[in-house]
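Biologist: I would like to go through the terms used for this model and see what each one rests on.

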Amino acid sequence: MWRQAVTEVFPGVGLREPAEPSDLVTAEKRLGRSVPAELRQLLLESNGVIGHFLVNTVWSLDRIVETNLYFRSDETFAQLYMPFDALLFFGDNGGGDQFAFVRKPERPDIFVWEHESDSRRWVARDLRDYLGRALRTGDDDWYQP
């Protein structure tokens with residue numbers, strides 16, 4: 001389902017081998033929270049999505065885990081930015097801004113975290129909407145107002 005959906009939007013999309021179900025269980029234990037159902041299904045079909053200009057539109061499961069653990073534990077980040085506990089980062093624009101699901105309260109919406117201003121704002125209603133917007137134009141600032 002996900003492979004077909006992203007290929008329809010961007011035929012040149014990069015897809016990886018699927019993640020293993022056991023790796024998702026391990027990832028959720030390390031993160032201390034579940035991976036959203038849509039993201040889980042996508043990762044089981046392709047362990048990441050590479051968009052225009054080799055942008056990691058959706059990261060691999062390993063990168064999702066490592067980035068989220070780092071953002072939640074780094075003392076420098078704690079001094080510079082609002083807490084990241086409510087977010088689950090899963091992709092970026094290639095220039096430092098990152099995309100995340102809101103996990104507290106749990107919802108399907110996608111938000112962007114803009115690293116220069118620490119702003120967090122809504123950009124897509126769910127993963128399918130995010131992928132359509134991110135892959136359709138090839139513009140790495142597609143989410144800017």
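Biologist: What makes strand S5 (residues 98–103) mostly covered?

Modeller: In S5, 6 of 6 residues are buried, where buried means under 20% relative accessible area, with exposed over 50% and partly exposed in between (1.4 Å probe, protein chains only). Gln98, Ala100 and Val102 on one side and Phe99, Phe101 and Arg103 on the other are all buried, so both faces are covered. This is a predicted model, in which local features need pLDDT of at least 70, side-chain atom pairs count only at pLDDT 80 or more, and totals for chains, interfaces and linings use all residues. Residues are numbered from 1 along each chain as its sequence is written, and side-chain values use heavy atoms, leaving out hydrogens and water.

Biologist: How do you know that strand S4 (residues 87–92) and S5 pair?

Modeller: Pairing requires at least two bridges found by DSSP between two strands. S4 and S5 have 5, in the antiparallel sense, so they pair. Leu88, for one, has Phe101 in S5 as its bridge partner.

Biologist: Why are helix H2 (residues 21–31) and helix H4 (residues 61–73) called roughly parallel?

Modeller: Their axes cross at roughly 5° and come within 10 Å. Angles under 35 degrees count as roughly parallel, over 145 as roughly antiparallel, 65 to 115 as roughly perpendicular and the rest as oblique; H2 and H4 are therefore roughly parallel.

Biologist: Which residues of H2 make the contact with H4?

Modeller: Asp23, Leu24, Ala27, Arg30 and Leu31, contact meaning heavy atoms within 4.5 Å.

Terms used: Axes fitted to C-alpha atoms, helices over the stretch in contact; angles between N-to-C directions. Helix = DSSP H or I, 4+ residues; strand = E, 2+ residues; numbered from the N terminus.
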